[in-house]
Amino acid sequence: DALFVAKRLPLQPNVTDVVTLDFSQSAQAATTINKWFSKHTNGLINNLVQANDFSELTAFVAANALYLKEKWAFPFDPNNSFPGEFTLADGTTIEVNMMSRTAKYAAVKGEDWVAMALPYAASRRGGNNCYFIAIRPTKDARGFAANLSAAQYKDIISRLRAAQHDGPATCRVIMPSFTVDGATLSLNDALKSAGLNRIFSYADFSKLTTAEDLYLSKVMQKCYVSVNEEGTEAAAATAAVANFRSLPRTVVMDRPFIWIIGDLSGNTTPLFMGIVEKP
């Protein structure tokens, strides 16, 4: 995680681990932030943000990077890979590199899906293994994903966990190697549909700054995933850009000016008035 803040953003006293930028120099700011993403994704994501994402109204950018590189617990032998057919959503087929491996895997079947968990070699914190979980619906995968509820997802994971605990069965898995180098996606609509509309009109960042009238202008994300015979390498980069609602006005009285003490009704005589010609 990293926080890139505008020079003029007043921070709370306990907020110290930040990078200060001049967002009016938008190209330089984008270069700095993209270098951070590149470093923390092992060079997989280098161009999440662009110069036109920033202006003198930008207050801060909250950045998050995730990088994973894991080897399979049961590596695929490249010699067992073969050219195979993959059926697309429209029913047509293409030829792809199919990996093949026989080992003990947790695999379960539902009414309209099958799922399996391929373990990675390294244990995670707490001693739990990380898995590549593949769910293949009987029919429309995109429709299945769109309608996948939290309860159904938990049910699938629960069944896989039980299968792993009870003793995975020996089975052969055939799966294509693939790489996803995704485009930069705006998460604004997704976050709004999840009920977070308010942060795009007003957000409370009082734990970070004493400045008021801030809002998120955009949240963007880019992902990269490569799955091959050796294992999986994946990276995700997310940036949330917060803006000031308007620039603070600067009015400079640097030449002779008139001063008045009175009210603003316009119906009463000023109490005092004068001219400052030489302070």
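Reader: As I read it, helices (H or I, at least four residues) and strands (E, at least two) are DSSP runs, numbered from the N terminus. So where does Ile94 lie?

Author: Ile94 lies in strand β5, which spans residues 93-109. This is a predicted model in which local features need pLDDT of at least 70 and side-chain atom pairs count only at pLDDT 80 or more, while totals for chains, interfaces and linings use all residues. Residues are numbered from 1 along each chain as its sequence is written, and side-chain values use heavy atoms, with hydrogens and water left out.

Reader: Why does Ile94 count as partly exposed?

Author: Because its relative accessibility is 38%. Buried means under 20% relative accessible area, exposed over 50%, and partly exposed in between (1.4 Å probe, protein chains only).

Reader: Which residues form a nonpolar patch with Ile94?

Author: Phe86 and Leu88; with Ile94 they have about 220 Å² of accessible area together. Patch residues have over 30% relative accessible area and no salt bridge; like charges are joined within 9 Å, nonpolar side chains (Val, Leu, Ile, Met, Phe, Trp, Tyr) within 5 Å. A salt bridge is a side-chain nitrogen of Lys or Arg within 4 Å of a carboxyl oxygen of Asp or Glu. Areas come from the Shrake-Rupley method with a 1.4 Å probe; for residues, only the protein chains shown count as cover.

Reader: New topic. Is Thr232 buried or exposed?

Author: Buried, because its relative accessibility is 6%. Thr232 sits in strand β12, residues 231-244.

Reader: What does its side chain make a polar contact with?

Author: The side chain of Tyr120, at 2.6 Å from that of Thr232. A polar contact is a pair of N or O atoms within 3.5 Å; within protein, one must be able to donate a hydrogen and the other to accept it, and residues adjacent in sequence count only if both atoms are side-chain atoms.

Reader: And the whole chain: how many helices and strands?

Author: Four helices and 14 strands. Of its 279 residues, 33% count as buried.

Reader: How many residues has the largest nonpolar core?

Author: It has 24, and Phe4, Phe23, Ile33, Phe37 and Phe54 have the most contacts inside it. Such a core is a set of buried Ala, Val, Leu, Ile, Met, Phe, Trp, Tyr and Cys residues joined through side-chain atoms within 4.5 Å.

Reader: Which element gives the most to this core?

Author: α1, with five residues.
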